[in-house]
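Good morning. I will take you through one structure, a few residues at a time. Please have the model open while I talk.

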Amino acid sequence: MPEAAVMEAAVHAYVAAFAAKDPAAVAALFAPDGRVEDPIGSPPHVGHDAIQAFYAASMQTGAKLRLEGPIRIAGNYAAFAFSVLLHWDGSDKHVDVIDTFLFDEAGKVTQMQAYFGPTNMHGFA
């Protein structure tokens, strides 16, 4: 199991890569067969190419991520609450999200799941 500091650093690198609009940096955080399920219940994006393509499209919205509270570490999981802030259709909007990362022994993310739904989306009326 990776050290807690390694898992926390990966979460901060994820947020920083999003701010830099660098989908390749996000994909590099994942194991080669990593899976992204965003939101949970949607078809997963599997492998670096699919993950990079998913984040490239997400970053084109101009969204920014802001951590909301501490990163929670339990075993080889990290869970973190954050807001997605974006200016869409002429107004500011935000989405309240909780993500979980599951890590392998090498400190790479093997699975990411995003938890949010319609009640967490503000300003989209």
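Predicted model: local features only at pLDDT ≥ 70, side-chain atom pairs only at ≥ 80, totals over all residues.

Residues are numbered from 1 along each chain as its sequence is written, and side-chain values use heavy atoms, with hydrogens and water left out.

Let us begin with two helices. Helices here are DSSP runs of H or I with at least four residues, strands are runs of E with at least two, and both are numbered from the N terminus. How do helix H1 and helix H3 pack? H1 covers residues 4-19 and H3 covers residues 48-59; the angle between them is about 55 degrees, and their axes are 10 Å apart. An axis is a line fitted to C-alpha atoms, for helices over the stretch in contact, and angles run from 0 to 180 degrees between N-to-C directions. H1 and H3 are therefore oblique to each other. On this scale, angles under 35 degrees are roughly parallel, over 145 roughly antiparallel, 65 to 115 roughly perpendicular, and the rest oblique.

Which residues make the contact of H1 with H3? From H1 come Tyr14, Ala17 and Phe18, and from H3 come Tyr55, Ser58 and Met59. Contact means heavy atoms within 4.5 Å. Five of the residues in this contact are nonpolar, one is polar and none is charged. Nonpolar covers Ala, Val, Leu, Ile, Met, Phe, Trp, Tyr, Cys and Pro; charged covers Asp, Glu, Lys and Arg; the others, Gly among them, are polar.

Now the aromatic rings. Rings of Phe, Tyr and Trp (its six-membered ring) pair if their centres lie within 6.5 Å; planes under 30 degrees apart are stacked, over 60 edge-to-face, and the rest tilted. By this rule there are nine aromatic pairs. One of them is Tyr14 with Tyr55, an edge-to-face pair at 5.8 Å centre to centre, with 90 degrees between the planes. Tyr14 sits in H1 and Tyr55 in H3, 41 residues apart, and the pair links distant parts of the chain. Both Tyr14 and Tyr55 are buried. Buried means under 20% relative accessible area, exposed over 50%, and partly exposed in between (1.4 Å probe, protein chains only). One aromatic cluster includes Tyr14, Tyr55, Phe18 and Phe30.

Next, the loop between H1 and helix H2, which spans 23-28. Lys21 is in this loop, and its phi is near 55 degrees, a positive value in a residue other than glycine. Most residues other than glycine have a negative phi, and most peptide bonds are trans. Lys21 is partly exposed, at 45% relative accessibility. Asp22 is in the loop between H1 and H2 as well, and is partly exposed at 32%. Leaving aside neighbours within four places in sequence, Asp22 is in contact with Ala17 and Met59.

Another loop runs between strand S1 (30-37) and strand S2 (45-46), and Pro39 is found there. Which bond joins Asp38 and Pro39? A cis peptide bond, with omega about 0 degrees. Ser42 lies in the loop between S1 and S2 too, and is buried at 19%. A polar atom of the Ser42 side chain lies 2.6 Å from the backbone oxygen of Pro39 and 3.5 Å from the backbone oxygen of Asp38.

Last, strand S5, residues 77-88, where Ser83 is found. Is Ser83 buried or exposed? Ser83 is buried, with a relative accessible area of 2%. Its side chain makes a polar contact of 2.8 Å with the side chain of Glu68. A polar contact is a pair of N or O atoms within 3.5 Å; within protein, one must be able to donate a hydrogen and the other to accept it, and residues adjacent in sequence count only if both atoms are side-chain atoms.
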